[in-house]
Amino acid sequence: MFGLITALILIGLYWTLFYRGISLRLFTAVTALVLVAFWAVGFYGPLGLAIAAVVFAIPAIAFNVVPLRRMLMSRPLYRVFRRILPEMGATEKEAIEAGEVWWEGEMFRGRPDWNQLLDFKLTKLTEEEQAFLDNEAEQLCVMIDDWEVNFELKDLPEPVWDYIRNNRFFAMLIPKEHGGLGFSAYAQSCVVAKIATRSLTAAVTVMVPNSLGPGELLVHYGTKEQQEQWLPGLANGRELPCFALTGVEVGSDATQMPDTGVVTRRTIDGEEVLGLSLTFNKRYITLAPVATVMGLAFKLKDPDGLLGDPDKVDYGITCALLSTDTPGVEIGRRHYPGAVFMNGPIHGKDVFVPIDAIIGGPEQAGKGWRMLVECLSAGRGISLPALSTATGKGMYGITSAYARIRRQFGTEIGNFEGVREGLGVIGGYAYILENVRNLTASGVDHCTPSVVTAMIKYHSTEMMRTVINHAMDIHSGRGIIMGPRNYLAAAYQALPVAITVEGANVMTRSLMIFGQGAIRCHPYVLSEMEAAHDPDFKTGLRTFDRLLFSHIGYSVNRMVRAFTLGLTGARLAKAPVANVMADYYRHLERFSAALAFSADVSMGSLGGALKLKESTSARLGDVLSHLYMASATLKGFEEHGATDEDVVHATWALEYHLHAIESAFHEFVRNYPIKALRPLLSIVALPTGRRFSGPSDALNGRLCDMMSAMDLNSAFGKRMSYDIYVGRGENDPTGRLMAAYEKLKEVDPFYGDFLRGVKHGEIEGATIEEQLQDAVTKGRLDERQAEQLREYDVLRYDVLLTDDFSKEYLFNPHSEEARRAEAESAEWRKVS
């Protein structure tokens, strides 16, 4: 019994030390004290103590005497590591090193410092930014008829183009000293989100120059002369920008870019000029058909050493800026990606530009990929999450309103459980997207996060896809008939654009999120890789030795923490708050520790082959992404206060994220390439199996009820609608819907009783008018109530109508025959 108790005490002691994180020296000291304690209590005599001391001293010296440890252990491991670690290509290295690690690093490393999140200040709109959102952005939305844009013109009307230019929508990121608006990333996000709730075409037109374009590249990397030459024109709209990156055979793999720029000399107007001969073939370039200035990515070659280094021929990817009317540039044709924003190809053969066309000047030759990755990283955190959030919040209001107005089988379709399943997802996703967008855009205002923006690009656009699909299902035929009444079809049709741009989602999930995140977020891996590539073997060995044993201690600690927290339901983790969200903080810390250990096992056992195990890395990326998004929800909850709506929406979101995390871990373990490691990974990540099943039907129902009854003037309602556009008037599709919805809330107190009376034969009449008159006669309604129901029924019926057209209009909407036919039959533009 004494031996068993002693063993349990020892296990408890070391388990506690490993759980809290113990240094090698402290571990050695504690072990020495344990041996002495055993001798003091008579566990063994002097001889036993001597034997124990010798047995203990050998590894203690080997591990703690650093020169000896390096010679016996680190040196052989370092030689193997240097030999097997593949060389990192320049493009891959620049992509990994671009940007900064931010809050996602805390969620990756297993012991998040929650105070860092809670103390972080979300960006707030300045008075100037709020005014622009309320006035210029609002007016732009008012000016746009999205049906006219998408079907009749297949372009924005010229007055809209002029308004965008004149009000500097293209210059939100350009500093004020250069004539721009100098807005925060968060303000840009809000403006794009608002425009997107009116017109995706207008939103994309505005967002791209503010995401990846000549303006941003010039602000960050341009020479003073380049900034003075180009930024004022870009700011006032005189110049329209585009950036040519993607080619016919080149998407995400920029190393295969065939476009070239060769340093050469040409005689121009009798003067010899050092410049570039550019040959390129680009596609998918937004604003290309109307651009006056283009940024261009190409591979720079200097075969004659004209840049001053005769030994350097290939400089790599470089960015240049040139006017689109430069001789040899072919531009103006359009792609048609399902949406009608300006997008098209650009070609050029032997296009000559001066050497100072390189953004940043000749000294920035070969540094273009780093520029692009950093700008794309920031852009991913602004534009596409803004589009996704606009869709989520827009569908939140529109679909819940329609689900109340539309009735089948004598009841609102929003009461059917099948509809509520999809409706709840729309509401939960909208809440998630808003909190994620706010945190991420605020992060972009403080640094250049790279990993987090990739994960949010992927997950936000996938959520948008799900939201639109559910909205289409709930609207059914009402959502598929194209026309001015349809507020869904344009977004549904253009959805693939968001999924594919700035890195196709399938690539972003399987390669970028964990592939980049594991290296950047890990406290040791990138430094170990750099040590392995150190040309000085001794210096590299010293660094590697220090990192290696710190890394081992880190991994053991995360393993013990993950298993302990999993076994105890995360009860040992400390929550930074004492409210209804406290348990969720604890569970996220548990899964953060499990991710840290699983990542270490994956990188250690698979090595470079992990890059080829895309499903494995994608699942770990899913865990990291949901950890980040869940923490964004917690941040939003703490920021805005625990309203009843916030409690329900946040609980839905956290239950969803935890279920997704467990599912990702389950699939990761079940399919791990090395079968022998599956039991270890399973017992650490999911020691008691899966506990989270996602939002329950009851929770989903509460959320749907709140959606159906949401008051836009409440604190929660204002937060969910402050940056969306709701049109007004009978010719505005969302305006008509919301007018009917507001009228429905007005008649709610007596509408249900009226319908029940009709259903049970207590109120008679073949038409609504006869029924209303009978209800008044029988005292079921007074005259005022009857008039209110009369008004509502007109609005209700109008919301359910779909558009129809003459064949002349569909064939050619601008023809005289079409105008005459539509003038004779214009029900589609009137209230029925």
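Biologist: Leaving aside its neighbours within four places in sequence, which residues is Thr-31 in contact with?

Modeller: This is a predicted model, in which local features need pLDDT of at least 70 and side-chain atom pairs count only at pLDDT 80 or more, while totals for chains, interfaces and linings use all residues. Residues are numbered from 1 along each chain as its sequence is written, and side-chain values use heavy atoms, with hydrogens and water left out. Contact means heavy atoms within 4.5 Å. With neighbours within four places in sequence set aside, the partners of Thr-31 are Tyr-14 and Phe-56.

Biologist: Is Thr-31 buried or exposed?

Modeller: Thr-31 is placed in helix 2, residues 24-40; helices are DSSP runs of H or I with at least four residues, numbered from the N terminus. Buried means under 20% relative accessible area, exposed over 50%, and partly exposed in between, with a 1.4 Å probe and protein chains only. Because its relative accessibility is 15%, Thr-31 counts as buried.

Biologist: Why does Leu-737 count as buried?

Modeller: Leu-737 lies in helix 29. Setting aside neighbours within four places in sequence, its contacts include Ile-398, Tyr-487 and Val-799. Leu-737 counts as buried because its relative accessibility is 1%.

Biologist: Where in helix 29 does the kink lie?

Modeller: Helix 29 covers residues 733-759, and its end C-alpha atoms are only 31 Å apart, short of the 39 Å that a straight helix would reach. The expected span is 1.5 Å times one less than the number of residues. The bend at a residue is the angle between axes fitted to the seven residues ending there and the seven starting there. A kink of about 75° is found shortly before the proline Pro-749, at Asp-748.

Biologist: Which helices do the buried residues of helix 19 pack against?

Modeller: Helix 19 spans residues 489-500, and its buried residues include Ala-494, Leu-495 and Ile-499. These buried residues pack against helix 12, helix 16, helix 18 and helix 20.

How values were computed: Helix = DSSP H or I, 4+ residues; strand = E, 2+ residues; numbered from the N terminus.
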